[in-house]
Amino acid sequence: MVTPPPLDLVTGAFSYSGSHIARRLLDAGHRVRTLSFHPDRRHPLHDSVEALAYRFDDRDELARSLEGVGTLYNTYWVRFDHGQTSFEQAIERSNSLFAAAHRAGVARIVHLSITNPSIDSPLPYFRGKALVERALGEAGVPHSIVRPTLIFGGENEVLLNNIAWILRRMPVFTVPGDGAYPVQPVHVEDLARICTEAALAETNVVVDAAGPETISFGELVALIRRTTGARALVVNVPAWIMRLGARALSLLVRDVVLTAEEIEGLMAGLLVSHAPALGHIRLTRWLEDAGASIGRRYANELRRHFA
């Protein structure tokens with residue numbers, strides 16, 4: 001009897017980081033299933049991945065969607081509260097997903113978190129991620145927690161792409177504070193590799209996914225400006241002015257460009273790792289190749305996830 005290839009489930013395999021994880025698994029000969037809020041949405045991986053709808057409304061169906069799965073790669077999360085979508089809901093749904101994985105006999109969960117999460121954090125994103133990590137630790141399923149920093153690269157990259165778009169389109173680009181706070185970007189392909197390697201762990205592990213370069217946010221903006229050939233004037237402003245500017249731009253592009261909490265987390269230096277870097281792809285080298293194309297089109301998060 002021929003043993004079938006292993007079956008893994010990647011939540012959001014038609015989204016940003018999830019698609020890169022799914023592609024890596026497919027290239028390794030694995031079968032891939034996904035859970036999605038838009039299982040019928042066209043995507044380059046659509047014909048290669050078994051797509052099912054999230055059934056957070058039915059615990060039995062949610063568990064059935066995980067039957068036969070060896071590793072669950074969980075990328076599910078929300079970036080901000082919007083309409084009926086909230087951090088509290090995301091935490092509750094994550095708990096349901098972990099319980100369903102336990103019930104279905106999933107062998108391991110690889111969970112994408114964030115660097116420097118804390119239950120005591122005043123920032124809902126980082127606090128919520130810490131609460132989900134705690135819930136995973138109590139779920140009774142062997143697990144690997146992967147904590148990425150600022151993710152870049154790939155076709156659906158958002159933050160760096162939109163920084164480049166603003167630099168290309170606007171006369172002024174504002175940097176909150178002095179811009180000296182550090183970032184340590186990790187390429188999405190490195191993140192996918194780190195996740196699939198974390199799935200091979202024999203114990204519960206927590207690993208940071210960070211790139212080989214740490215630079216200040218101000219240096220990052222200057223680098224994007226130079227490689228794109230943009231001429232926007234870069235101006236340092238107080239955080240409250242940055243918040244007002246981000247809100248105004250959000251109205252213009254009908255999106256959430258940057259939240260007040262994201263500005264605070266950025267300025268607090270939370271998007272860096274204090275462990276040896278596992279990423280290999282250098283941001284500076286990537287920008288040399290991507291500078292001509294990055295930021296040509298705005299990446300709209302609301303349209304992508306809520307349209």
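**A buried glutamate and its surroundings**

Reply: Leaving aside neighbours within four places in sequence, E301 touches R79, V158, D255 and F306. The model is predicted. E301 belongs to helix α11. Its relative accessibility is 9%, so E301 counts as buried; the cut-off for that label is under 20%.

Helix α11 covers residues 301-306. The loop between α10 (283-290) and α11 holds Y298. Y298 pairs with W165, a residue of helix α5 (residues 159-169). The two are 133 residues apart, and the pair links distant parts of the chain. Their ring centres lie 5.1 Å apart and the ring planes meet at 65°, so the pair is edge-to-face; the cut-off for that class is over 60 degrees. W165 and Y298 are both buried. The structure has 13 aromatic pairs. Elsewhere, one aromatic cluster is made of F37, Y54, F56 and Y76.

Now the sheet. It is open and has seven strands, in the order β3-β2-β1-β4-β5-β6-β11, with parallel pairing. At the edges sit β3 (50-53) and β11 (205-209), and each of these pairs on one side only. From one strand to the next, the twist averages 20°. Five bridges join β1 and β2 in the parallel sense. R31 in β2 is the bridge partner of L7.

Helix α6 (residues 188-198) lies across β4, β5, β6 (143-148) and β11. The angle between α6 and β6 is about 160°.

How does the length of α3 check out? The helix has 18 residues, 87-104, and at 1.5 Å a residue it should span 26 Å. The expected span uses one less than the number of residues. The end C-alpha atoms of α3 are 25 Å apart, which agrees. Just after α3 comes G105, with a positive phi of about 80°.

Notes
Residues are numbered from 1 along each chain as its sequence is written. This is a predicted model: local features need pLDDT of at least 70, side-chain atom pairs count only at pLDDT 80 or more; totals for chains, interfaces and linings use all residues. Side-chain values use heavy atoms; hydrogens and water are left out. Helices (H or I, at least four residues) and strands (E, at least two) are DSSP runs, numbered from the N terminus. Rings of Phe, Tyr and Trp (its six-membered ring) pair if their centres lie within 6.5 Å; planes under 30 degrees apart count as stacked, over 60 as edge-to-face and the rest as tilted. Buried means under 20% relative accessible area, exposed over 50%, partly exposed in between (1.4 Å probe, protein chains only). Two strands pair if DSSP finds at least two bridges between them. Axes are lines fitted to C-alpha atoms, for helices over the stretch in contact, and angles run from 0 to 180 degrees between N-to-C directions. Contact means heavy atoms within 4.5 Å.
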